[in-house]
Amino acid sequence: MNKKLNIQFIQSFIKTIQTKPLWTIDKLLTELEITEKELFYMLTIVSDVYTSSGESFIDYDINENTKEIYFNFSENVYKFVSINDGELFNIYFLLSTDTKLKSLQAENKSIRKFSNLLSKYFTLESTDHAESLDLTFDDQLNVIEYIKLGSTHSIFYKIKPVSLKSNSDGIILEALDIDENVIKSFLIDRIVNINDDFKYQESSKIQTNNIKVEFDLLDQNFLSKLGSRIYKSVEGKVYMEFYSYENALDYAIKNLLNLKVVSPSELSVDIDKRKNGLMEML
Amino acid sequence: MKNVIKRSVQLLNLVSNNKKISTIEIKDSISDYRDLSDQAFRRSFERDKSLLRSFGYLLEYENDKWGFDQGYSLGGSYVFNKIKEKENVDIKEFISTYLLIKKSLNLEIEELVNSEIISKILLATNEKKRLGFTYLSKYRKVKPQGIRFHDGAWYLAAFEGQVLKTFKIEYINELKVGNKENLFNTTDEPFTFSWEDTNSFLNISISIPNSLYIANKSIFSHNLMDNKKNDEFHIRTSDIYGLVKFLLICEGSFKIISIDKPDLIKEVLNE
């Protein structure tokens, strides 16, 4: 399965099919960007749901000759179809910040109407955002200049954007690293440039190694703010693992008043050197 | 996985067609729950509720002591439901436009801000209800005005008493919406950040590569006063701890041109 089959996608699937009862299979696959296998998987799920009066939630007939599906929707389907606030918020936010969507609004009256309608419900200031998130990614490949957490050097990645989401560090672009063929996360704020292909320097990538860090816990309340981060805490000590030295350094500096590095000594010496260097500059 | 998705569809189907539905009705209506013991049903139902919540569907029990009509109802679609009820729009066209916009994006958009929190803030802002939450270990009761995105983070602007404050959404916990509507007015004026009102500012001019400033500027709250020369930044801030973090991370790559209160930084470094 290529698609993330979750309740959100089922909603999207139902939102699409409920617009008309008759679909050619090919058209439906293109519209939903799924495979035939995924389509039938979803059909088995939704056709197994019944309304309180015992009626099928969604019933369907397939015509093998014409390769068409005829849907029979219960009244419940139209009540079921909904767009939650989070989804509408995402769209509204991007309509006000994404360059491509902004130009789409100028061309398309229904998108303009849609955006105006939502503006009545969302009190959102996004002026700061115009400079920090300019999502001018190409449909296919992009070369981005990225500064990793804890590092002061740019690295170039050839990527294909996959999704946008956020966590406590900020808005994250998930993208396929073309060279390594793995999905990686990039903090939007740390993408400092989207470059032409010729600037791409594969050699600038560095191999990273996991690093285990032992901290002295300076503020007991800090543990309650760690959220989903994996750690071990024993008698005033906190143990964490980071995917790179730079990542550990960034974390240690950002939590300077709550945690003090005990080991590895390379990391504690580095932080002390930075503090002394800054003191001398003042 | 298939059963979990099927049960989620069944639950949504059930609650979207009933104003309020009791726990017993839910158990009787969904085949996977029907044969479970009460305890096993509770566990399974809680798991399913939490899964739905992670996608922005808030299945909540209404426990109004004055009301007769108690049970579970579906929240999290405040805006869509209001548009359906109050706006003169063809809802099918609205959904088609939504699908068209989603399709024209190059990216799949997952969650730019926590769905549950955004939903509660929207509900409270639009219906002018009070919000209660724990913020950095302290309980707050506020009148929400809206949200703002600033340097990579989301903020709630809200009146606490008579003072307009900004709360970083990431630090908001146990958020609850009050029952009473129309308790206050909202303003269309731009929100002033709490730190913009303070007097203890530090001015610093540094020379740093532009890309490094861009990548790290969200570490601390500040105003960029001047950036006429490409790699020279004149910054005004009261977030001294944040500035120290910024300077330590960028160490070796910047020079201080001028600073008016170096002692504020020294204090943090000596802590």
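The talk below covers helix packing, a sheet, the cores and the chain contact.

Modeller: This is a predicted model, where local features need pLDDT of at least 70, side-chain atom pairs count only at pLDDT 80 or more, and totals for chains, interfaces and linings use all residues. Residues are numbered from 1 along each chain as its sequence is written, with chains lettered from A and ligands numbered from 1 in the order in which they are written.

Colleague: Why are α1(B) and α4(B) called roughly perpendicular?
Modeller: Their axes cross at roughly 80° and come within 10 Å. Angles under 35 degrees count as roughly parallel, over 145 as roughly antiparallel, 65 to 115 as roughly perpendicular and the rest as oblique, so α1(B) and α4(B) are roughly perpendicular. The axes are lines fitted to C-alpha atoms over the stretch in contact, with angles running from 0 to 180 degrees between N-to-C directions. Helices are DSSP runs of H or I with at least four residues, strands runs of E with at least two, numbered from the N terminus.

Colleague: Which residues of α9(B) and α10(B) meet?
Modeller: B:Ile240, B:Tyr241, B:Leu243 and B:Val244 in α9(B) meet B:Leu264, B:Ile265, B:Val268 and B:Leu269 in α10(B); contact needs C-beta atoms, placed from the backbone, within 7 Å. That contact has eight nonpolar, no polar and no charged residues. Here Ala, Val, Leu, Ile, Met, Phe, Trp, Tyr, Cys and Pro count as nonpolar, Asp, Glu, Lys and Arg as charged, and the others, Gly among them, as polar.

Colleague: What makes β10 and β12 of chain B edge strands?
Modeller: The open sheet runs β10-β11-β9-β12 (chain B). β10 and β12 each have a single partner strand, so one side of each is left without a neighbour in the sheet.

Colleague: How do you know that β10(B) and β11 of chain B pair?
Modeller: Pairing asks for at least two DSSP bridges, and these strands have three, in the antiparallel sense. B:Asp226 stands opposite B:His234 in β11(B).

Colleague: What makes a nonpolar core?
Modeller: Buried Ala, Val, Leu, Ile, Met, Phe, Trp, Tyr and Cys residues joined through C-beta atoms within 7 Å; buried means 20 or more other C-beta atoms within 10 Å, exposed 12 or fewer, partly exposed in between. The largest core has 59 residues, and A:Leu88, B:Ile121, B:Tyr155 and B:Leu156 touch the most other members. Apart from it lies another core of 33 residues, including A:Val46 and B:Phe55.

Colleague: How many residues does each chain give to the contact?
Modeller: Chain A gives 77 and chain B 84. Helix α5 (residues 85-97) gives the most on the chain A side, with nine residues.

Notes. Two residues are in contact if their C-beta atoms, placed from the backbone, lie within 7 Å.
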